[in-house]
Amino acid sequence: MKLDVTVFGFGSAFVVHDGSETSAQDVDLLIVHPSTHVASCQFAIVCKRRLAACIANAHITMLSAGEEQHFQFIRTARAVRLGAIRADHITDDLRTISAAVPILGKY
């Protein structure tokens with residue numbers, strides 16, 4: 001089984017701004033994993049822990065692809081795709097996703 005997840009950002013940190021810093025105090029992330037098989041769920045949990053360790057103030061939600069399709073979370077939350085995390089490239093993929101997360105600032 002290929003182990004990978006897709007990471008999306010949503011919420012106030014990802015609202016399009018006019019170039020000014022965001023006033024968001026946290027970063028809302030969604031991890032979508034392909035299935036409810038044990039290996040897929042376990043890899044998503046590993047990714048959640050690793051993302052939380054490298055992105056300050058991250059609030060991370062996980063859904064299987066089937067759950068996301070049922071709830072239409074990405075569309076409803078206007079989530080932005082930040083990238084994928086693959087088991088064989090986890091460190092590089094985490095670095096890429098971390099770089100795509102907006103820097104939190106104040107007014």
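**Entry 1: the main core.** Of its 20 residues, Val5, Val7, Leu29, Ile31, Leu51 and Ile85 touch the most other members. I found at least two residues of this core in each of S1 (4-10), S2 (27-33), H1 (38-54), S3 (58-64), S4 (80-86) and H4 (90-100). H1 gives the largest share, four residues. Helices (H or I, at least four residues) and strands (E, at least two) are DSSP runs, numbered from the N terminus.

**Entry 2: ground rules.** This is a predicted model, where local features need pLDDT of at least 70 and side-chain atom pairs pLDDT 80 or more, while totals for chains, interfaces and linings use all residues. Residues are numbered from 1 along each chain, and side-chain values use heavy atoms, without hydrogens and water.

**Entry 3: Ile31.** I listed its contacts (heavy atoms within 4.5 Å), leaving aside neighbours within four places in sequence: among them are Val5, Val7, Ala44, Leu51 and Ile60. Apart from this core I noted another, of seven residues, including Phe8, Phe10, Leu63 and Ile74.

**Entry 4: helix H1.** Ser40, Phe43, Ala44, Cys47 and Leu51 are buried in H1. Down the helix axis, these buried residues fall within an arc of 105° (from the directions of axis to C-beta atoms), so they line one face. I saw that they pack against S1, S2, S3, S4 and H4. On the other side, Val38, Arg49 and Ala53 are exposed.

Technical notes. A nonpolar core is a set of buried Ala, Val, Leu, Ile, Met, Phe, Trp, Tyr and Cys residues joined through side-chain atoms within 4.5 Å. Buried means under 20% relative accessible area, exposed over 50%, partly exposed in between (1.4 Å probe, protein chains only).
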